[in-house]
Amino acid sequence: MVTPVMNPVEPRGGQITRGLLTMAGIGMWERFSFYGTQVVLLYYLYFSADQGGLGLQPAEAVAIVGTYGALVYCFTIAGAWLSDRILGPERTVFVSAVGIMLGHLALAALPGTAGLMVGLGLLVMGTGGTISNMPSSVGLLYDTDDHRRDAGFMLFYMGLNVGALGGPLLTGLLRKEQGFHVAFGAAAVGMAIGLVVYTLGRRNLSPEGRRVPNPLAAGNAVPRLLAVAALAALVVLALASDRLTPSNLPDVTAIAIALISAAVFATMLRSPKTTAPERRQVTGLIPLYLAGAVFFALYQQQFTVVQVYVASRVDLELGGITLAPEFFNSVVPAFVIVLAPLFARWWTKQGTRQPSAPAKFLVALIGISAAFFCFLPLAGREGATISPLAILGILFLFTVAELFIAPVQLAVATRLAPAHHQTQTVGLMFLSIALGSSLGGIAGKSYSPTAETEYFLTVGLAALACAAVFALSIPWIRRTIADDDPR
């Protein structure tokens, strides 16, 4: 049964499979870090001091975690610039993974606010650099017109979700048994293992990954690196200032991400190195970017609103076993691991008859809207009375919707990227996740157990309206990006 699944990703023999496994290995530990940290961080912020937490209000904790997720994806642009101008994708992944490891060590070893600021700062920069360059490295394994690319990304995405599955489970267990700081430090060991595996497997990656696509002129690298470091320091100082509060943090972050995204699009469109066909394709990416932001505004609430909902509204007893609330953050990755090979096989068999990328985006938007509507029959009940099976069903819809957009988003970005802005184009797709995370944090501030019906209905209807507008734009998108995509 393995061979038919792997056939779609072996156009040049076993090296591509080994290259995929190398990238999935480092990506697995990165997702272990990201998913595990988000869940533990939320509870660390709003659990009381006698439970080892900081005792913030749930709305404040939701806003901070949403902003953390947004900043991670926002820093994909810095990681993309570092790759495109100085290091290349392969070395940027390595350096960024080291940053993730150091961030977890800081969270584990430094107490209180200091550990939180230093640790999260390193995680934001390290994770942003890693996730922006892993897809580029995978994309370089394929020829531009290889229609098996979507299936390859689906299998890579399945590998990432192994880490996403294990992160919340292990960190949740360690948080319960050993405390928050041990839980924060668990991924440092995992990332060290991932770095060893990545180092041993780098020879299986495309040689193009060691090339800098658009290098700086001689003598400019050090000043530009110092500028990036200064920008990172300014972000950390801004987060530590009194002007930014949990209430306005998502709003400020959303505005900043929107401005950065517009600047990146403008840079690529105005660059003399961008050809006319490339410029047309970049224009076609704009509505896909916006659709992704809407989708992830709802999807990312599994780390915020849904987690608060689970901790306060769900009966955690199932079959005589008391579930930890962190368990539910491993549900979506588990579903992905099961479903991703089926989707990859289906799309491979369909070949050029499979749905176009914009059509897949539309299915995702409708699916995530339906998931939020499924909360409505559960609204208005008192106490922790919701069956965990109901939440499992809703998270299944989250997963199906995700598989129609997340791996496809990466695949289409690597296919349509201008030659001199490869990683920055992938970074733009991650910026759509960043914008969505911020918008989800803004929306999440309105969530209240006393107004659940209004919240879930409003959010679901808003996403469905956006899906309708996006559907009208699909013919134009397909004409704009269809030069090398006959679907």
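Visitor: Hi! Is arginine 31 buried or exposed?
Guide: Arginine 31 counts as buried, because its relative accessibility is 10%. Keep in mind that this is a predicted model.

Visitor: OK, and what does arginine 31 form a salt bridge with?
Guide: With glutamate 30. The closest N and O atoms of that pair are 2.6 Å apart.

Visitor: What about glutamate 30, buried or exposed?
Guide: Glutamate 30 comes out at 0% relative accessibility, so it counts as buried.

Visitor: How many salt bridges turn up in the whole structure?
Guide: A search of the whole structure finds 3.

Visitor: Which residue does arginine 202 pair with?
Guide: Arginine 202 forms a salt bridge with glutamate 90, and their closest N and O atoms are 3.3 Å apart. This pair links distant parts of the chain, 112 residues apart. Arginine 202 sits in the loop between helix 8 and helix 9, while glutamate 90 is in helix 5.

Visitor: Why do those two count as buried?
Guide: Arginine 202 has 18% relative accessibility, and the cut-off for buried is under 20%, so arginine 202 counts as buried. Glutamate 90 counts as buried because its value is 5%.

Visitor: And what does arginine 313 meet?
Guide: Its side chain meets that of glutamate 452 in a salt bridge, at 2.7 Å from N to O. Here too, distant parts of the chain are linked: arginine 313 is in helix 12 and glutamate 452 in helix 18, 139 residues apart. Both arginine 313 and glutamate 452 are buried.

Visitor: Switching topic: where is serine 448 found?
Guide: Serine 448 is in the loop between helix 17 and helix 18. With 22% relative accessibility, serine 448 counts as partly exposed. In space, serine 448 is 9.2 Å from tyrosine 309, C-alpha to C-alpha, though the two are 139 residues apart in sequence.

Visitor: Now helices. At roughly what angle do helix 3 and helix 10 cross?
Guide: Their axes cross at roughly 15 degrees and come within 9 Å. That makes helix 3 roughly parallel to helix 10, because angles under 35 degrees count that way. The crossing is left-handed.

Visitor: Which residues meet there?
Guide: On the helix 3 side they include Ala63, Thr67 and Leu71, and on the helix 10 side they include Leu249, Pro250 and Ile257.

Methods:
Residues are numbered from 1 along each chain as its sequence is written. This is a predicted model: local features need pLDDT of at least 70, side-chain atom pairs count only at pLDDT 80 or more; totals for chains, interfaces and linings use all residues. Side-chain values use heavy atoms; hydrogens and water are left out. Helices (H or I, at least four residues) and strands (E, at least two) are DSSP runs, numbered from the N terminus. Buried means under 20% relative accessible area, exposed over 50%, partly exposed in between (1.4 Å probe, protein chains only). Axes are lines fitted to C-alpha atoms, for helices over the stretch in contact, and angles run from 0 to 180 degrees between N-to-C directions. Angles under 35 degrees count as roughly parallel, over 145 as roughly antiparallel, 65 to 115 as roughly perpendicular and the rest as oblique. A crossing is left-handed if the near helix is turned anticlockwise from the far one by less than a right angle, and right-handed if clockwise. Contact means heavy atoms within 4.5 Å. A salt bridge is a side-chain nitrogen of Lys or Arg within 4 Å of a carboxyl oxygen of Asp or Glu.
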